[in-house]
Amino acid sequence: MVTQVLTAMDTHLANGSVCGGGAVNGPSGSSSSSACSLLGASMGPGPSVQSSEDSKTNLIVNYLPQTMTQEEMRSLFGSIGEIESCKLIRDKITGQSLGYGFVNYVDPKDAEKAISTLNGLRLQTKTIKVSYARPSSASIRDANLYVSGLPKNMSQKELEQLFSQYGRIITSRILVDQVTGVSRGVGFIRFDKRIEAEEAIKGLNGQKPPGAAEPVTVKFANNPSQKTSQALLAQLYQSPIRRYPGPLHHQAQRFRLDNLLNMAYGVKRFSPLTIDSVTSLAGVTIPGHTGTGWCIFVYNLSPEADEGILWQMFGPFGAVTNVKVIRDFATNKCKGFGFVTMTNYDEAAMAIASLNGYRLGDRVLQVSFKTNKNHKA
DNA sequence: TTGGATT
């Protein structure tokens with residue numbers, strides 16, 4: 001029934017993506033792709049996961065390419081057999097695909113055939129996952145955990161072993177550095193049931209895994225839609241109409257466009273082309289330069305500083321992709337500094353030239369490209 | 001007075 005699918009859809013919408021939007025790439029490919037194959041193994045069709053009352057026609061499709069439309073999805077899955085309904089899940093606000101969807105077949109045999117023929121299919125940079133959708137229910141909502149402080153050498157299998165004592169794991173993942181492929185010590189565990197996730201937090205949060213030097217942090221994962229909201233915010237601040245927005249009029253006085261341009265030319269030392277060619281040389285590092293942009297260190301923020309103030313201060317200078325206020329774990333107050341990542345060198349340099357020495361409240365900010373002083377050779 | 005990591 002259509003209603004049944006819609007109910008399932010709503011649940012997943014509220015719940016966030018099961019593993020939607022997950023990059024199935026990375027240099028090693030091992031961690032993320034094994035996420036899928038492991039999942040395939042534990043989620044595949046079979047009596048252990050498909051109880052008799054579950055739907056045998058309704059499938060969940062994960063890791064869809066960002067650009068894939070519902071129509072393309074219908075076309076692909078319709079090639080297997082007659083589809084009762086097909087739904088691509090999109091962000092409520094932006095309409096962007098969340099990278100997963102549902103296909104409900106008329107005939108259970110076609111659902112089975114879709115799993116056997118389309119699961120693992122490579123589409124663009126993604127390897128899609130096709131499996132039976134669990135029935136929608138409140139008990140499976142909010143069962144996703146975020147885990148940090150993992151030993152860098154812990155494998156996904158070991159992560160699952162650690163958590164499996166608390167319940168059935170639906171998905172697991174360890175995030176890896178995009179360049180080196182090394183674990184970031186951060187991962188996700190989705191349990192079948194929320195109560196299992198709660199028990200895992202009670203049992204594992206703040207505990208040291210066997211053989212580990214540091215305790216892990218286990219908490220409920222954020223709703224992925226937050227990231228979309230942040231991206232929206234970034235877009236707002238990057239759009240010309242918002243470049244000098246009303247609330248910033250006091251800063252606009254200081255950062256008038258002609259001044260900005262003068263400063264930009266005053267501090268400009270490299271063309272983007274030069275930067276790119278320099279940073280591509282092995283062993284050469286440019287302060288602030290990261291794979292994703294230019295990282296800026298902001299010092300002397302007040303304990304009350306939040307991300308919003310960083311967006312407000314840096315957004316007018318150009319494309320800001322990320323801001324971060326560093327907070328004390330216990331008090332949640334700002335530790336006095338933060339980071340801002342900007343896409344373009346010129347805009348970052350302009351922001352630094354303009355904001356270094358800027359008085360925010362009763363504090364004088366120090367703003368510079370982030371250095372790597374504690375970097376180990 | 002240069003982090004933590006949110007698929």
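A residue counts as buried when its relative accessible area is under 20%. The model shown in these views is predicted.

**View 1. Phe163 and Phe191 form a tilted ring pair.** Both Phe163 and Phe191 are buried. Their ring centres lie 6.4 Å apart with the planes at 50°, so the pair is classed as tilted. Phe163 belongs to helix 5 (residues 156-164) and Phe191 to strand 9 (residues 183-191), so the pair ties together parts that are 28 residues apart in sequence.

**View 2. Strand 2 and strand 3 form a hairpin.** Strand 2 (residues 83-90) and strand 3 (residues 97-105) run antiparallel and are joined by six bridges. Cys86 is positioned opposite Val103 of strand 3. Six residues separate the two strands, and Gly95 in the turn has a positive phi of about 80°.

**View 3. Tyr100 and Phe102 make an edge-to-face pair.** The ring centres are 6.2 Å apart and the planes stand at 75°, so the pair is edge-to-face. Tyr100 is buried, with 0% relative accessibility, and Phe102 is buried at 1%.

**View 4. Phe297, Tyr299, Phe337 and Phe339 form a cluster linked by ring pairs.** The count of aromatic pairs in the model is 10.

**View 5. Helix 11 (residues 307-314) is largely enclosed by the rest of the structure, because six of its eight residues are buried.** The buried residues are Glu307, Ile309, Leu310, Trp311, Met313 and Phe314.

**View 6. Over residues 235-284 the pLDDT stays under 50.** The model has 52 contacts beyond four places in sequence for this stretch. Where pLDDT is low, the predicted coordinates should not be read in detail.

Terms used
Residues are numbered from 1 along each chain as its sequence is written. Chains are lettered from A and ligands numbered from 1 in the order in which they are written. This is a predicted model: local features need pLDDT of at least 70, side-chain atom pairs count only at pLDDT 80 or more; totals for chains, interfaces and linings use all residues. Side-chain values use heavy atoms; hydrogens and water are left out. Two strands pair if DSSP finds at least two bridges between them. Helices (H or I, at least four residues) and strands (E, at least two) are DSSP runs, numbered from the N terminus. Buried means under 20% relative accessible area, exposed over 50%, partly exposed in between (1.4 Å probe, protein chains only). pLDDT is the predictor's confidence in each residue, from 0 to 100. Contact means heavy atoms within 4.5 Å. Rings of Phe, Tyr and Trp (its six-membered ring) pair if their centres lie within 6.5 Å; planes under 30 degrees apart count as stacked, over 60 as edge-to-face and the rest as tilted.
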